[in-house]
Each structure stands twice: as structure tokens, then as C-alpha cells.
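I opened my notebook to keep track of what I looked up here. These are my entries, in the order I made them.

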Amino acid sequence: MIELEGLTKRYGEKTAVDRLTFSVRPGVVTGFLGPNGAGKSTTMRMMLGLDSPTSGHVRIDGKRYDQLQEPLNHIGALLEAKSVHGGRTAYNHLLCLAQSNGIPDRRVDAVLDMVGLASVAKKRPKGFSLGMGQRLGIAAALLGDPRIVMFDEPVNGLDPEGIHWVRNLMQQLAAEGRTVFVSSHLMSEMSVTAEHLVVIGQGRLMADTSMADFIAENSRTYVRVRTPEPERLRDALHATGVNAVAADDGSLEVDGQPAARIGDVAAQHRVVLHELSPQNASLEEAFMRLTAESVEYHAHTAAQGQPPGPAPGQSQPPGGDRPTQQWGTGWKEGR
Amino acid sequence: MSTPYAQQPPPSPVPTPPGHAPHPPYTAPPGGGYSSPIPVTRAHLGHALASEWTKIRSVRSTVWTLGIMFMLVVGIGLLTAVGLDSEGDGYIDMPLLAGGLFGLMLGQICVITLGVLVITSEYGTGMIRTTLTACPRRGRVLAAKALVFFLLAFVTTTLACTLTAMIQSSMLGGRTVSPEDPVGEAVRDSIRNGELIATSDEWLDATVGAGLYVALLGLLSLAVGAMLRHSAGAITTMMGAVLLPPILSAFMIGESLEGVRDALLDYSPLNGLATLYGVPMSDEVNASGWPLLGVLAVITAVAVGAAAALINTRDV
């Protein structure tokens, strides 16, 4: 269990992490999603006691990180990039970490075997590929058989087999009752691994919801219609109570109607159709809109000199009262 | 799929240490979490010391720097002794063990480099984040690093110095001093029965004293490295501290600067070492090297304290 309360980090004028409050529960994989520069890594560093927050706090199993007696048994972390001395062999790297927490030496061999690095245990990580480096980082995270595991971009640089392995590993760890917290900037990656989602943008909490809810709220289906007479078709549809929106590329988009019905209406009014196709908006797109809005929102308030919006607590999205929000607006209401 | 690691089938992620029974099937306690079958120990300084010892012995820089230091000290000591020996059997106006100084003046640079690298290599590679997540008590990490490095540097330097002193003593010792030889003030106490010998004080100074001095200088480098967090910056700083004072003093010409010049010479780290070997750079020929060693110890203690304060407050 990881609990964040009002966690804030400022670097001079810039606020990297802005009053984050959420908790990460055991037994599920929680995805931590945000575009590059959203504050994911800073947040994770604060969780691990590496950076000290400007205000607010983090509790790991109810304790501050530096109060943990045997931290590796509580929490194992795969940090960004290779946080490894390139000249120290994989075995010795894990051995020195194990020794600092009083973990028996045989555990080092066990985790090396577990991540598939047993054959290169005596090699220096300097010559490791990105994927092997990630595996070594994961081995270090699993060393203390921790109750909480935290992975920062774990699939970076892994081959498809490695990606598959990491996904299964995370789900298995969660199934064993552990808390699994994994960051990514790829929604597609999260949608197949995470059960719960925490989304941040510009350091603010944008969403804290289950993946199922997020999909239900955000997987918008619509029908794209192309016709040489868009105005006529629009009027015809409007007359039957269906609203069509003109898209940028000159096509029409119709929400919440089967394609057949639109075809029927067009036939009745003898409108020529060039395209009539049902569309599914990807979750990636939903995520991009969600976080892009946070950027716009920021620029807007900065220009008007307003104080920051409402505290991004778990129930109140920042900018939730904005009238221009489109789909993606409803992601909170159902909770 | 040509890398050896990729050929292995993805192993079971369930941690099953050898010799351990496999996990009992997990039954989720309400609101609880996972609990590990591996024994939990309370981490203390002993664990940090073991960890730091593994770290220092498992990188090449340790072997290289200490190995080169050993070769410089013993090799140059040997060459000095051979050179002096070939001068003939006459009297040499120099303390018997002083030949060890020249090698150590170069060898100390290796110890300084290692002292810096012990901490800055962690910052340079990002290893420090891994280290501090494994041991969030940063003071403990720094203390363990300092202790392990200091003991290692002290033992190896003292060994090298002792070997060198034995070479000097065996090759140059036992020479007779005739009454017409110009016996300097520095060696007047070291003549017994017309022979130049090394007193027990001289032995202590040239072995344990010199080892302690260089190890303290290395520890100071470690503290500077912890404060600057940058290998090149910290090594340059330490080189400047060691080499600049005698060079600067050469530019202090004139009566008014005499005090500054003398202070620069007296308190330069090189003079501390030279004084321990009985050949001080200043005029005080009979000075003991231990007060200067005390000064270095105080400076080092302050630097380590400052490094501890900084490491606790800074983000990594």
C-alpha cells in the first residue's frame, strides 16, 4: 500500500508535481500514466525518498520511506535508465544490495535465474543491451521479495518476448497480493496490464479510476460519413433527431447511431455517400486528449493570472467545470 | 535472439529460493498483502559495511589505483635506494628512510583518485539511487563508505611504505659516519656508534604515520567527492589542494609576503608527508610530522561532517 497526500515538488518557479493525492492498493496492477515531463519520475523518486517533497508526504505501508528498517523487503523499485555501476558484475551488483538489507546470498542467484540473466551473472552491465539492463533492474527490484514493486517504464528496450514476460510478471506479482505500481507513457501498454489507472498531466492528477471504467467512459464509437453534399445530409439527419458533426477533413461524424440507420436516412433523401464506416477511438487518443487538456488548461490560467484550479483530489478533476470538455468528460461521474 | 539470456525460457516469476519449499498457495487476506517467505533482518551499519566492502572490491578502479600506488611507492623507493647505494659507501646526509617519500608523493595521487571515485562513480552512473533506495539512511551509507575506504587505503599504503622502508634500511643502513662528514641537524639524533640508523620514531613515522596521512588525504577526497558529486571536479580540487601551495609559495617574493609563503609551505599536504620522513620543506628541520597529521585529521573530520549534512538534504 502506497499513500500520497498533497505531494508537491517545486523547482524554483516550476511546479513539477502539484498536490498529488492518491493511494496504490495491493492485489492489482496500478498503471501510472502521463506524457513525458508530466512528473511521473519525480513522483516515483519522492515515493522512494530520493527527492524530498516541497510539501505533502508519502507513506509506504504506513511509514515514511527512511523509517523502513529493511526497505528492500517492503518495496522494490526499477528506476529510470540503468541505475547501475557499469563496471560491477551483475552478481556483485545484486550481492551488495542484498548485503545492505541482510538478504541471504542465495537469493541473488534466485533472482538472476528468475529474470533469465543467470548465464551473464559474471559479466559487467556495461556491455548489456537495454533489455538486459531492464532485466537486471527488475532482478534488483525483486531481490527482497517485496510487498510493493514499482517499475518505471519497465518495457523500455525490451523485445516482444521480454515485453510479454514483464506483463505476465506484473500480473503474477499482483495476483500474489503485492502492490504493483508501474509507470508508462503508453496507454496501449497500460490497457493490457493495468487494472487501475492513475493519470497525471503537468504534475496534476487527471484521473484515478479503474481501467474498466476508463475504457467504458472513453472508448467512443462513432460513424464516419463522407458525402459530396454534407449540408443536405446533416439537415436530413437533424430532421430525424440525429446530430452530425463536421470533422476537419470534410467528413461527418455521428455519435451513438448504427451505420445502417444513417445509410437509410441518406437513401431516403437520395444523398450520395462515399464512405459510411463505424469507427472506434483508441484509448491512446482518449489519454492524449485528457492530458492535452491539462496543458491547455495551464496555459489558459497562466494567461489570465488566475490562481490554480481546485485541488486535484480523487473526486475533483482540475478544470472539471470547463464547458468545452468533450468526450473524456464523464470519466469521473460514474465513480 | 542471439544473446544468451534471451534463449532461456521466461522463468517462473514466483520467487522460489533454492532449498526453500515453494510458495504456499496465496490466500488473499482481506486488506492485507503479500508476505515474503525469506527471512527478514533489521538492517544496521554492519550490513552497510558488508555492502560497501563488496562494492569496493568488485570494481576495477580499486585494483588499478591501489596497484599503481603500490608499484610507485615500492618501485621508486627501490630505485632511490639503488641510486644512493651506487654513490659508494660514503655518508648520505639524509634520514635513512627518507627515500620512501618520493614514491609516496606520486602514490598518494592514486589514493586521492580512488577516494573520489568511491563516491562520485555512484553519482556518475546513477548507482547512488539504487544504493539509497536499498539503504535510505544516507548517513549510514556515507559512514560505511568512509570506513571501508579508509581502512583499505590505510592498510595498503602502510604495507607499501613498510616494504619501502625495509628496502631503504637494508640497502643503505649500517654506513659509518666519519667525524669530517657534514652531519645535518635532522639526522644528528639518528647516529649510534658512528653508524646512521633509523630510530623507532622514524620507523613509525615512515610506515604507520605515512599510511595514516595518505589514508586521511584519501578520506578528505571522498568527502570532497560527496560534496561535489563529480569525478573530474573533485579530483582536480584535491590535486590543487595538494600541489598548488608549494607552487604558489614560489611566487610569494618579498618581505611582506614572507608570512604567507611560510604558511603555504608549512601547511601544504606535501610538507606534512615530507616532515614525517624527516625532510621538511620548511626551515624547521626537527619538526615532528604528527601535528600536521592532526591538522589534516581535523580538516578531514570537518569535511566528512559537511558531506554528511549535504547528503541528507540534497535530492539525488
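Before anything else, I noted how the elements are named: helices (H or I, at least four residues) and strands (E, at least two) are DSSP runs, numbered from the N terminus. I'm working with a predicted model, where local features need pLDDT of at least 70, side-chain atom pairs count only at pLDDT 80 or more, and totals for chains, interfaces and linings use all residues. Residues are numbered from 1 along each chain as its sequence is written, while chains are lettered from A and ligands numbered from 1 in the order in which they are written.

**Entry: one glycine**

I looked up Gly131(A) and found it in helix H5 of chain A. Is Gly131(A) buried or exposed? It counts as buried, because it has 20 C-beta neighbours inside 10 Å. (The rule: buried means 20 or more other C-beta atoms within 10 Å of a residue's own, exposed means 12 or fewer, partly exposed is in between, and C-beta atoms are placed from the backbone.) Next I checked contacts, meaning C-beta atoms, placed from the backbone, that lie within 7 Å. Leaving aside neighbours within four places in sequence, Gly131(A) touches Gly157(A), Leu158(A), Asp159(A) and Gly162(A). Gly131(A) and Gly162(A) are 31 residues apart along the chain, yet 7.6 Å separates their C-alpha atoms.

**Entry: chain A overall**

I got eleven helices and 13 strands for chain A. Of its 335 residues, 49% are buried. I also took contacts between residues at least 6 apart in sequence: 70% of those in chain A join residues at least 24 apart.

**Entry: the sheet**

Strands pair if DSSP finds at least two bridges between them. Six strands of chain A make an open, mixed sheet in the order S5-S6-S7-S3-S8-S9. S8 (residues 196-201) of chain A runs antiparallel to S9(A), with six bridges, and I spotted His196(A) opposite Ser210(A) in S9(A). Helix H6 (residues 160-175) of chain A packs on the sheet and touches S3 (29-33), S6 (148-152) and S7 (179-184) of chain A; its direction makes about 150° with that of S7(A). (Axes are lines fitted to C-alpha atoms, for helices over the stretch in contact, and angles run from 0 to 180 degrees between N-to-C directions.)

**Entry: a strand in the open**

Why does strand S13 (residues 275-280) of chain A lie largely in the open? Of its six residues, the number buried is zero. S13(A) pairs with S10 (residues 221-226) of chain A, antiparallel over six bridges. There, Arg226(A) faces Glu275(A) in S13(A).

**Entry: where A meets B**

I found 62 residues of chain A in contact with 48 of chain B. H3(A) gives the largest share of chain A's side, six residues. That side has 27 nonpolar, 21 polar and 14 charged residues. (Ala, Val, Leu, Ile, Met, Phe, Trp, Tyr, Cys and Pro count as nonpolar, Asp, Glu, Lys and Arg as charged, and the others, Gly among them, as polar.)

I then looked at H3(A) against helix H1 (residues 45-57) of chain B: their axes come within 7 Å and cross at roughly 165°. H3(A) and H1(B) are therefore roughly antiparallel. (Under 35 degrees is roughly parallel, over 145 roughly antiparallel, 65 to 115 roughly perpendicular, the rest oblique.) Residues making this contact include Leu95(A) and Cys96(A) of H3(A) and Ala48(B) and Ser51(B) of H1(B).

Methods
Two residues are in contact if their C-beta atoms, placed from the backbone, lie within 7 Å.
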